[in-house]
Amino acid sequence: MTVATSETKSRILLRFTFFERIIHWVVGVTFVALLMSGLAFSYPALFWMTTLFGGGPAARVLHPWFGVAFGIGMVVMIVIWIRDMFLDDGDRQWLAAVKHYALRDADRVPPAGKYNAGQKMFFWFQAVLAVVFLVSGVFLWFPELFTAEILGWMRLSHYLATLGGGVLLVVHVYLGTVAYPGTARAMVDGTVTDRWARHHHPRWHEERTRSELL
Amino acid sequence: MTDSLTIRRVSASPGALIPMDALRSAGPTYSKLVDISKCIGCKGCEVACKEWNDLGVEPTANFGSIQSHKDLSPKTWLLMRFNEVEIEGNLNWLIKKDACLHCEEPGCLFACPAPGAIVQYTNGIVDFNQENCIGCQYCVTGCPFDIPRFDASTRKVSKCNMCVDRVESGLEPACVKTCPTNAISWGSKEDMLALADQKIETLKARGYDNPAVYNPAGVGGTHMMYVVPHGDRLEDYSLPADPTASPAPMTGLVFLKRLGAYLMSFSVIGALVHFLAFGPERLEE
């Protein structure tokens, strides 16, 4: 067991750059706005949420424009993060042990790199869902250009993506905030503590530490 | 026969799919019956519709047809379509009175996400309530007859309302009132079905082989029915042979939304339960 010096204890690591944080929040804020207005259109019991956007007609006008901002954010996010998101052998071991992760049995979770396999899978799911959202959304934005049958299938696809994205968002927010204290600050000022990095992303921590030593 | 506007269905409400008129004794259920064989193509009904509903003039130009306008619009709720079809060597005008058919099971109402933007009265009329319309045009998607029209400037959808204000006062719709040959009849749905049967017999006696009543079952029947002289040529009249109020993707969507409500709720509950079981993670040194 390594003895933590006061120096390493208080050391902080930069996890996300300013640009990465901005892009993350463009995607995050627009996605929540899209989810709320979209669920309002999907469930009569939630129609009151259109009030948050200035009423039903305003929500209908704004929804596709939120989608445009979301789409641009997603494209940038995919471009800047994709090379870190391919699964390696370590990730496959992590996935095989995902049960221990869920049950907080940290000793039996294989060490993760900058992103664990769950985060990588989340990235890929959201990327695929974003494509489904954007393609079907364009159809629904300009319904007069398409036949009723096509639009019906687009409504179905758009909703299916909502269902997937909604569930993933709950998991993402839960794990990134209350479940793991010290995580959310990575998306606020961009930093994490040395201790947090060593615990959650040991391979990344080792890389960063080694590069600093060299 | 007074006719209160008793609500039968309201869009985007839990009971949208379940008619609620069982709660009150329903008044009469009306229907138009359009006998295409008696139409002389005068377009008086188009003018009457414009006048009664204050829809204003839409300039048009000759595009090689006797038809007045190319298509319905937010200001043109009724259009007599003159489809030119050759039958047994002769040119025929297969006329269609193109306007809302007021389906018993309205696809527009089922598709609408805005509470109260579309209502169906027990008298059979399906009416758009523009003050509740959010301009999403899902009704356009849901209508198997391509009737609702979107106005981009007001971002509202409109269509024939069967002159609901006249019907409420015990009058017939303006198009019925004005028709000089009585090609459009008005009365209770049962009376119109009986009249349609008589008209079919007359047409058969006149030598038509396949006259038919157009009252499609896929939308639960309509409150504007047609007597079609060439019942084997529905598509030539621009009448879909097998329209449905609940096409496959919409049926799938209803199921998925229910499933989605459970899954999304359970994901929130699941996160809460997990948090109560494990709490925030504490890192020990």
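I count a residue as buried if 20 or more other C-beta atoms lie within 10 Å of its own, as exposed if 12 or fewer do, and as partly exposed in between, with C-beta atoms placed from the backbone. I take helices (H or I, at least four residues) and strands (E, at least two) as DSSP runs, numbered from the N terminus.

The model is predicted: local features need pLDDT of at least 70, side-chain atom pairs count only at pLDDT 80 or more, and totals for chains, interfaces and linings use all residues. Residues are numbered from 1 along each chain as its sequence is written, while chains are lettered from A and ligands numbered from 1 in the order in which they are written.

**Entry 1: strand 2 of chain B**

I started with strand 2 of chain B. Six of its six residues are buried, so the strand is largely enclosed by the rest of the structure. I then checked which way the residues point. B:Tyr30, B:Lys32 and B:Val34 point one way, and B:Ser31, B:Leu33 and B:Asp35 the other. All of these are buried, B:Lys32 and B:Asp35 included.

**Entry 2**

I looked up the partners next. Two strands pair if DSSP finds at least two bridges between them.

Strand 2 (residues 30-35) and strand 11 (residues 224-228) of chain B run parallel and are joined by four bridges. B:Lys32 stands opposite B:Met224 in strand 11 of chain B. B:Leu33 has B:Met225 as its bridge partner in strand 11 of chain B. For contacts I use C-beta atoms, placed from the backbone, that lie within 7 Å.

On the other pairing, strand 2 and strand 9 of chain B are antiparallel over five bridges. There B:Leu33 has B:Ser185 as its bridge partner in strand 9 of chain B.

**Entry 2: two positive phi values**

Most residues other than glycine have a negative phi. I noted two in chain B with positive values. Phi of B:His102 is near 50°. B:His102 sits in the loop between strand 4 (90-98) and helix 2 (107-111) of chain B. Is B:His102 buried or exposed? B:His102 is buried, with 27 other C-beta atoms within 10 Å.

Phi of B:Arg155 is near 55°. The loop between strand 7 (149-151) and strand 8 (156-158) of chain B holds B:Arg155. B:Arg155 counts as partly exposed, with 16 C-beta neighbours inside 10 Å.

**Entry 3: the cores**

A nonpolar core here is a set of buried Ala, Val, Leu, Ile, Met, Phe, Trp, Tyr and Cys residues joined through C-beta atoms within 7 Å. The largest has 75 residues. Among those with the most contacts inside it are B:Leu78, B:Cys112 and B:Ile184. Strand 11 of chain B gives the largest share of this core, five residues. Not counting residues up to four places away in sequence, B:Cys112 touches B:Ser11, B:Ala12, B:Ala117, B:Ile118, B:Tyr138 and B:Cys139. A second, separate core has eleven residues, including A:Ile23 and A:Phe66.

**Entry 4: A:Gly73 and chain A**

A:Gly73 is in helix 3 (residues 56-81) of chain A. A:Gly73 counts as buried, with 21 C-beta neighbours inside 10 Å. Its C-alpha atom is separated by 5.4 Å from that of A:Val27, 46 residues apart along the chain. Leaving aside neighbours within four places in sequence, A:Gly73 is in contact with A:Ile23, A:Val26, A:Val27 and A:Thr30.

Chain A has nine helices and two strands. Buried residues make up 28% of its 214 residues.

**Entry 5: where the chains meet**

The contact takes 34 residues from chain B and 35 residues from chain A. Helix 7 of chain B gives the most to the side of chain B that touches chain A, with 15 residues.

How values were computed. Contact = placed C-beta atoms within 7 Å.
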